[in-house]
Amino acid sequence: MTLYEQFAQELKEQITQAYYPVGQKLPSIREMSKARGVSISTVQESYRLLEDAGFVRSKLKSGYYVQQPPSTALLPETSQPEQRPVPIDNWQAVLELTMTESNSRFLALGRGSPDTELSSLKPLQRLMSDNIKYQSKQVFSCSKGNGLFKLRVQIARLMQHSGCHIHPDNIQITAGCQEALSLSLKALTQPGDIVAIDSPNFYGSMQAIQSNQLKVIEIPTHPETGISLPALELALEQWPIKVLQLIPTSNNPLGYVMPEKNKLKLLKMAEKYDFAIIEDDILGDGYYQTPRPRSLKSYDSQDRVLFCSSFSKTIAPGLRVGWVAPGRYGQMLTHLKFVTSLGANSLPLLAVADFIEQGHYEKHLRLSKQQYQARRDLMLHWVQRYFPKGSKMSFPKGGFFLWVELPESIDSLELNDLLKPFNIGIAAGSLFSAAGKYQNCLRLSYANKPSERIEQAVKIVGEQAKVLLKKAQLEQTLRRA
């Protein structure tokens, strides 16, 4: 070993032993050189090796930070959902989760809101105020038709980052991504039709399916590569599937990114079996690396893909600013939007358009992605430290959700009940399945700024999971006796 390799190995062991905890900034190259009595070039090469191995990451003009190595956690298994169409019936559980807010007493670890306290959002507050002050006539009017043209121009520009070249006239503004999904389903289906989804799947998407009186078939999904195409083809051969709905980039809840070759295969399959695809890209801009992956829509030469997104996960959910690029279904979507809500509130549309146009959105994305990646590593570290042995977890490549697979005997709904006296809540895994699967799984959010309170809450979740595990083991021992 060279000296820098030896030094890198020493630092690696110290990181593994939590001498340098996940999320902590390492001493600067100059400081480390003085402290350890080695040359600056030795420290530089050692840090480079650690970065290549995934133990640290560098921030421009800031330094090196310890991160959770991707190979230290076991990934969840490929999902095995029901291989038949089923109705969706978990609205009450979804309502309970979505109506529960974090506050000074209760900590909702499973909620899906982004961090709205980041400093990079301050220009948006100013722009909202300026528009009220100087654009009062337009602010208090309703944005009809496809929505504010100025915003559609900016959205069309943003979509180029995903490989899409869409004219602003082919974009429909909606009240968040949820309305985009719901309108898309209305345009494509009739009550009783079958929709295929990747599984586990975002509960909001499934509620849109339920509200349109549709049946759903869940397709097995790998935590790194996404929906199983062989399993999808098998389902297509057996059932008259009208639509496939999925989140191929920075998936919620698994965090996977669908490989480019799989996207091309999927579009060929859509042509062969003649079905449409609703691409939910709400977390696409939240992909940690640059450039972000190309969307399914960018490869779509037949206008089969309806691209749905919003700023609810990248800026703030309260804005309710979303959109859909509907392709051949554009006229129908505009009509559905008209009969559903006539138009949209102009104030947030104007503010978001200015926020993007003036370059604030790109700066905000850079900051938020840096923060979320660091928080992911810290959450992985806490889960590995406090949860029962044998727990498996995803390794998200974007967004701010972590999917955890607990030992099979643990029921996450029962776990949630045990957490109530501690004023802690999680998102139980069964919420993410139409058939109530994934009872031993849960989703955690790491959007909020890390704190001792959050770490203690994760620790309590792990401790209560261990209580359930011991209870199940005791019951199994008694049965055998």
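Guide: Strand β7 (residues 215–222) and β8 run antiparallel and are joined by two bridges. This is a predicted model, in which local features need pLDDT of at least 70, side-chain atom pairs count only at pLDDT 80 or more, and totals for chains, interfaces and linings use all residues. Residues are numbered from 1 along each chain as its sequence is written, and side-chain values use heavy atoms, leaving out hydrogens and water.

Visitor: What makes β7 and β8 a pair?

Guide: Strands are DSSP runs of E with at least two residues, helices are runs of H or I with at least four, and both are numbered from the N terminus. Two strands pair if DSSP finds at least two bridges between them; β7 and β8 have two bridges, so they meet that definition. Thr221 has Ile227 in β8 as its bridge partner.

Visitor: Why are β5 and β8 called edge strands?

Guide: β5 (172–174) and β8 (226–227) each pair on one side only. The open sheet has eight strands in the order β5-β12-β11-β10-β9-β6-β7-β8, with mixed pairing.

Visitor: Why are helices α4 and α9 called oblique to each other?

Guide: The axes of α4 (residues 91–98) and α9 cross at roughly 135 degrees and come within 11 Å. Axes are lines fitted to C-alpha atoms, for helices over the stretch in contact, with angles from 0 to 180 degrees between N-to-C directions. Angles under 35 degrees count as roughly parallel, over 145 as roughly antiparallel, 65 to 115 as roughly perpendicular and the rest as oblique; α4 and α9 are therefore oblique.
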